[in-house]
Amino acid sequence: MSAAQSQLKFAWLEVTGLCNEFCDHCYADSSPKGTHGTMTVLDWRHTIDQLAEIGALDVQFIGGEPTLYPDLPELITHAHGAGLSVEVFSNMTHIRDQLWETFTDCGVKLATSYYSDTAEEHDSVTRLRGSHRKTRANVEKALSLNIPLRAGVVAVQSGQRVQKAALDLDMLGVDTVGGDRTRAFGRASKGAESAIGDLCGHCAREKCAIGPSGDVWPCVLGRFLKIGNVLDAPLSEIWGGVQMAQVLTEITAVHGEGAQSCTPPQFLPMCGPCGPCPPSVGHCDPREADASAETATIAAPA
């Protein structure tokens with residue numbers, strides 16, 4: 001079965017481009033200057049309904065920083081009611097009491113990024129003073145509430161304490177810790193044009209991403225490859241449609257039919273390996289990297 005004929009199982013829902021952090025490596029180029037886009041709450045609810053109707057299983061709310069989107073509790077509740085499993089990818093610096101209640105009531109899973117065991121280094125990546133303290137405290141709170149949580153340690157700076165960061169998360173009780181490198185998209189591209197060769201090749205294979213203006217992309221990193229817009233056409237027409245088929249042809253021409261899955265999985269859900277494993281960490285799980293290496297170096301873009 002071709003990717004165009006495969007079932008859509010997972011969708012990233014990018015509800016906002018607003019973020020309280022300003023990381024240099026942000027693939028979405030989100031920042032405090034970002035907006036919530038043109039999708040209304042009703043548009044998002046309708047999109048969620050369509051995902052459920054065509055057989056999707058999971059959604060992940062992302063941004064920007066999704067917890068800054070004022071109607072996130074309503075959308076989580078709606079997705080849960082539609083029978084979808086929900087994960088929220090957050091920097092975990094800005095979680096209101098209502099959101100904690102929604103997380104527990106709807107069985108939400110959380111995911112976050114963590115850059116160092118030291119506040120100084122973590123905050124230098126996020127460019128938000130106090131972000132390490134807030135993120136770490138909310139990781140502890142999520143675990144105390146028995147909310148499933150996974151974390152990713154992204155190698156961003158030369159000399160970064162990625163192994164120490166992973167061990168700190170392990171000490172806190174985070175069971176799933178992934179590793180990744182900086183990828184040449186958004187601000188991390190430093191002005192370079194996005195290229196299909198920088199993707200993993202699994203784009204639009206059982207997954208898609210939907211942005212705050214309704215654009216549908218083959219994945220969160222492949223936002224330069226638009227396959228439709230939910231404000232213009234139903235998802236059932238976009239998925240497997242002419243535009244998607246063209247994009248898949250372009251991706252396959254570069255990557256072939258895609259790599260085989262690996263264990264442990266990559267940090268982004270539903271994705272196959274980006275291969276090779278992050279060279280700065282040496283393994284998908286930085287806790288299993290060479291114990292003698294305490295720092296990471298920035299890897300060259302794939």
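This is a predicted model: local features need pLDDT of at least 70, side-chain atom pairs count only at pLDDT 80 or more; totals for chains, interfaces and linings use all residues.

Biologist: Okay, what covers the buried residues of α6?

Modeller: The cover includes α5 (131-144), β5 (149-155) and β6 (176-181). The buried residues of α6, which spans 162-172, are Val162, Gln163, Ala165, Ala166, Asp168, Leu169 and Leu172. Just after α6 comes Gly173, with a positive phi of about 110°.

Biologist: On to the rings. How many aromatic pairs are there?

Modeller: Two aromatic pairs, by the rule used here.

Biologist: Why is the pair of Phe10 and Trp12 called edge-to-face?

Modeller: Ring centres have to lie within 6.5 Å to pair, and planes over 60 degrees apart count as edge-to-face. For Phe10 and Trp12 the centres are 4.9 Å apart and the planes sit at 90°, so edge-to-face it is. Both Phe10 and Trp12 are buried, too.

Biologist: And what makes Trp100 and Phe103 an edge-to-face pair?

Modeller: Run the check again: 5.9 Å centre to centre and 85° between the planes, so Trp100 and Phe103 pair edge-to-face.

Biologist: Why are Trp100 and Phe103 separated by about one helical turn?

Modeller: Because they're three residues apart in helix α3, residues 97-105.

Biologist: How do you know whether Trp100 and Phe103 are buried or exposed?

Modeller: Buried means under 20% relative accessible area. Trp100 has 5%, so Trp100 is buried. Phe103 is at 1%, so Phe103 counts as buried as well.

Notes: Residues are numbered from 1 along each chain as its sequence is written. Side-chain values use heavy atoms; hydrogens and water are left out. Buried means under 20% relative accessible area, exposed over 50%, partly exposed in between (1.4 Å probe, protein chains only). Helices (H or I, at least four residues) and strands (E, at least two) are DSSP runs, numbered from the N terminus. Contact means heavy atoms within 4.5 Å. Rings of Phe, Tyr and Trp (its six-membered ring) pair if their centres lie within 6.5 Å; planes under 30 degrees apart count as stacked, over 60 as edge-to-face and the rest as tilted.
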